[in-house]
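These are my notebook entries on one structure.

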Amino acid sequence: MRSNNLRYAAKMQSSIKLYLKTGTLIVLLFFSVTTYAQTLSVKDLVCEYRTNPVGIDILKPRLSWKLSSTATAVMQSAYEIRVTIGENAAGRNKALWKTGKIASDQSVNVEYNGPALTSRERCYWQVRVWDNKGNVSAWSDYNYWEMGLLHPQDWTAKWIISNNPADTVDGPNPILRTSFLLNKPVKSARLYITAHGIFEAYLNGHRISADYFAPGWTSYNKRLQYETYDVTSLLKTGKNAGGASLGDGWYRGHLDKWKNIYGKDLALLFQLEITFTDGTKTAIGSDGKWKSANGPVMSSSFYNGEIYDARLERTGWNLSDYDDSKWRSVGIINEEYKNLVAPVINEIRKHEVFHPLKVIITPQKDTVIDFGQNLV
């Protein structure tokens, strides 16, 4: 009898027989399981390969899950999905789509096939399954997905540039900022953001995410990815500040012998949508009121690395009480929104840190840092 089967036995019978043989006491235990309680459940729900994604634009999101069972040779024979919408999982207020029991072993990329989804809509979903032994699982916990901005008219922010003549390939990275007042408590907030070039964005001095080199590399004239972030925790009642630093990236930076492939100007599109606890809403977008200056990054390139001058740091530039009266006014460019799409690739994150093993000074007085392995 397998030990894990014994662990889940609901009712067990046992008997003991004693034998005396050549002065040795031998104890034999016999177990028989009359009732076995199997555990079947559903876990690891993902939508479009992500757990609880925010800001997707797939109109029929694909849903996947995994089975978990204490028995062996268990396979799914049927599933049922239900989707609801509401402010949160506890306050679900509308059934959106129910599949009923579907005889199928499919548990990967099951398409949502309910009513058409709308911009910003959050959907909660759960699933239960039947196995090939006649068992049915409990409903899984609720997961969710949230739609992004599906139409060009959803965008109200403007594309802004630094208006700095030195803003060219290999030139200093511009930083852009604004401040704004929120006179009521914030219930939720989403930041929809992208750039010509790459961006690092901030709210009240806090980096909005752990992502790097966003937006990812695409054929920008056809598809430019925007990111969506839940920034509720970064806002406060009173004065707030938002800002971003831009870099050449793939947009205009060096790619072998080429540069300015997609354009010459770095630009920012920043749309912060806020819902207050009383149900009212507001939006803070990049516009002509923003200010711009140079930061400490003198140049940045995927090919040639980065030059950083710490003497030029502007301490507190992304905080609400910073004095930007001497900064330049930004410019606005006429750029369409029809090529904006939600991300189709995973974000770039820090993976590991390498420490140098030794520092070498060559006969030519060059400094070589030895990390013990190739780095690119």
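**Entry 1. Basis**

I worked from a predicted model, in which local features need pLDDT of at least 70 and side-chain atom pairs count only at pLDDT 80 or more, while totals for chains, interfaces and linings use all residues. I number residues from 1 along each chain as its sequence is written, and side-chain values use heavy atoms, with hydrogens and water left out.

**Entry 2. Salt bridges**

I began with arginine 120, which is partly exposed at a relative accessible area of 34%. For accessibility I took buried as under 20% relative accessible area, exposed as over 50%, and partly exposed as in between (1.4 Å probe, protein chains only). Aspartate 154 is buried, at 12%. I counted a salt bridge where a side-chain nitrogen of Lys or Arg is within 4 Å of a carboxyl oxygen of Asp or Glu. Arginine 120 and aspartate 154 form such a bridge, at 3.9 Å from N to O. Arginine 120 is in the loop between β9 (110–111) and β10 (122–131), and aspartate 154 is in the loop between β11 (143–147) and β12 (159–161), 34 residues apart. I took helices (H or I, at least four residues) and strands (E, at least two) as DSSP runs, numbered from the N terminus.

By this rule I have 17 salt bridges. I next looked up arginine 177, whose salt bridge with aspartate 324 has its closest N and O atoms 2.9 Å apart. Arginine 177 lies in strand β13 (residues 174–182) and aspartate 324 in the loop between β24 (305–308) and β25 (328–329), so the pair ties together parts 147 residues apart in sequence. Both arginine 177 and aspartate 324 are buried.

I then recorded the salt bridge of arginine 190 and aspartate 230, at 3.2 Å from N to O. Arginine 190 belongs to strand β14 (residues 186–196) and aspartate 230 to strand β18 (residues 227–230), so parts 40 residues apart in sequence are tied together. Arginine 190 is buried, with a relative accessible area of 11%, whereas aspartate 230 is partly exposed at 44%. Salt bridges with shared partners join Arg122, Glu146, Arg190 and Asp230 into one network.

**Entry 3. Largest pocket**

I noted a volume of about 1,300 Å³ for the largest pocket. A pocket here is an open set of points on a 1 Å grid over the protein atoms alone, where a 1.4 Å probe fits, with protein on both sides within 12 Å along at least five of seven lines; lining residues have an atom within 4 Å of a point. Of the 36 lining residues, Glu200, Tyr212, Phe213, Glu306 and Lys350 are the closest to the centre of the largest pocket. β15 (198–203), β19 (238–247), β23 (297–301) and β24 each give two or more residues to the lining, and β15 gives the most, with 4.

**Entry 4. Strand β20**

Is strand β20 (residues 267–276) enclosed or open? I found 10 of its 10 residues buried, so β20 is largely enclosed by the rest of the structure. In a regular strand the side chains alternate between the two faces of the sheet. In β20 one side includes Leu269 and Glu273, the other Phe270 and Ile274, and both faces are covered.

I counted strands as paired if DSSP finds at least two bridges between them. β14 and β20 pair antiparallel over 10 bridges, and alanine 189 stands opposite isoleucine 274. β20 and strand β21 (residues 281–285) run antiparallel, joined by 5 bridges; in β21 the bridge partner of isoleucine 274 is threonine 282. The hairpin of β20 and β21 has 4 residues between the strands, and in it glycine 279 takes a positive phi near 95 degrees.

Key:
Points joined across faces, edges and corners; volume = space filled by probe spheres on them.
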